[in-house]
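Here is a short briefing on side-chain contacts. Please look over the entry first.

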Amino acid sequence: MNLDWTALGQVAAVSLAVTVAVVTVFALGVLGLARHEGARDEGGGTSAFAVAQAGLCFVACAAVVAYGIYLIVPQFH
């Protein structure tokens with residue numbers, strides 16, 4: 001019986017850690033978009049690094065979500 005609670009605690013801890021990581025990466029993507037908008041508003045130019053940062057962060061978030069869906073839906077196995 002104790003093993004069941006340990007496994008549940010481990011799953012909860014991993015789920016919380018992954019959720020915090022995905023939200024952090026998504027927030028970094030939003031920050032990249034904000035930097036891009038700020039650079040465009042200030043000088044009329046664009047920040048290629050900010051756009052690349054945002055794109056990479058959003059692709060990483062989409063990959064994590066897609067992997068989670070793959071793990072949940074049995075038809076994909």
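Is Phe 58 buried, partly exposed or exposed? Phe 58 is partly exposed, at 27% relative accessibility (buried is under 20% relative accessible area, exposed over 50%, partly exposed in between, with a 1.4 Å probe and protein chains only).

This is a predicted model: local features need pLDDT of at least 70, side-chain atom pairs count only at pLDDT 80 or more, and totals for chains, interfaces and linings use all residues. Residues are numbered from 1 along each chain as its sequence is written, and side-chain values use heavy atoms, leaving out hydrogens and water.

**Aromatic pairs**
- The whole structure holds 2 aromatic pairs (rings of Phe, Tyr and Trp, the last by its six-membered ring, with centres within 6.5 Å; planes under 30 degrees apart are stacked, over 60 edge-to-face, the rest tilted).
- Phe 26 and Phe 58 have ring centres 5.2 Å apart and planes at 50°, so this pair is tilted.
- Phe 26 sits in helix 1 and Phe 58 in helix 2 (residues 48-72), 32 residues apart (helices are DSSP runs of H or I, at least four residues, numbered from the N terminus).
- Phe 26 is partly exposed, at 44%.
- Tyr 67 and Tyr 70 are stacked, at 6.3 Å centre to centre and 25° between planes.
- Both tyrosines lie in helix 2, 3 residues apart, about one helical turn.

**Salt bridge**
- The count is 1 salt bridge (a side-chain nitrogen of Lys or Arg within 4 Å of a carboxyl oxygen of Asp or Glu).
- Glu 37 and Arg 40 form this contact at 2.6 Å, N to O.
- Both lie in helix 1 (residues 2-43), 3 residues apart.
- Glu 37 is partly exposed at 33%, and Arg 40 is partly exposed at 40%.

Terms used
Helix = DSSP H or I, 4+ residues; strand = E, 2+ residues; numbered from the N terminus.
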